[in-house]
Amino acid sequence: MDKERLKELLRNRGLKMTAQRRLVLETVASHPGEHLTAEEIYGLVKNQYPDIGLATVYRAVQVLVDLQVIDKVSFDDGLARYELSCQADGGRHHHHHAICQNCGRVFSFEEDLLEALEQAVFAATGFRVTDHEVKLYGYCKTCSNQTKKSETEEIN
């Protein structure tokens, strides 16, 4: 998202572009594929802006979430995580996540396989889907291979 568009979104809400908001957004944008907590964002921003406080980062993150510039995601681990919104770059849907139940790694994928389902829902009910979120739970390749190896060793 370019700075002018962000300034316009903020201005429309009666808010100003602050250095803190800009740095929080730049930090999230410069870590694609990562799902940063507010504390992680704080640690990264603090390197460039030592006077910033954690509460300021939390407020900046909330403003950016409200503006749909960044997304708040949960992987059911009790932590709120943040990533750049697909809508910030003109995309329609969020990308999706596959979460390993053993090691906790999160894999993002962009394929939008639900278009046909959305169309079927609309045809059947008139409900127009504007967004969705998919989280798949299972085991990553490494953990699956370790499980297979352990099972093979137990048999022998």
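Helix H5 is followed by Gly126, whose phi is positive, near 85°. Helices here (H or I, at least four residues) and strands (E, at least two) are DSSP runs, numbered from the N terminus. The model is predicted: local features need pLDDT of at least 70, side-chain atom pairs count only at pLDDT 80 or more, and totals for chains, interfaces and linings use all residues. Residues are numbered from 1 along each chain as its sequence is written, and side-chain values use heavy atoms, with hydrogens and water left out.

H5 itself spans residues 115–125 and is hardly covered. Of its 11 residues, the count of buried ones is 1. Buried means under 20% relative accessible area, exposed over 50%, and partly exposed in between (1.4 Å probe, protein chains only).

Now turn to the sheet. It is open, and 3 strands form it in the order E4-E3-E5, with mixed pairing. Two strands pair if DSSP finds at least two bridges between them. Strand E4 (106–109) and strand E5 (135–138) stand at the edges, each with a single partner strand, so one side of each has no neighbour in the sheet. On average, neighbouring strands of this sheet are turned by 20° against each other, direction ignored.

What does strand E3 look like in terms of burial? 4 of its 5 residues are buried, so E3 is largely enclosed by the rest of the structure.

Strand E3 (residues 96–100) runs parallel to E5, joined by 4 bridges. Cys100 has its bridge partner in E5, Gly138. E3 and E4 run antiparallel, and 4 bridges join them. His96 has Phe109 of E4 as its bridge partner. E3 and E4 also form a hairpin, with 5 residues between them. In the turn, Gly104 has a positive phi of about 85°.

A helix pair comes next. Helix H3 (residues 38–48) and helix H4 (residues 54–66) pack at an angle of about 115°, their axes 9 Å apart. Axes are lines fitted to C-alpha atoms, for helices over the stretch in contact, and angles run from 0 to 180 degrees between N-to-C directions. Which residues make the contact? H3 gives Ala38, Glu39, Ile41 and Tyr42, while H4 gives Leu54, Val57, Tyr58 and Val61. Contact means heavy atoms within 4.5 Å.
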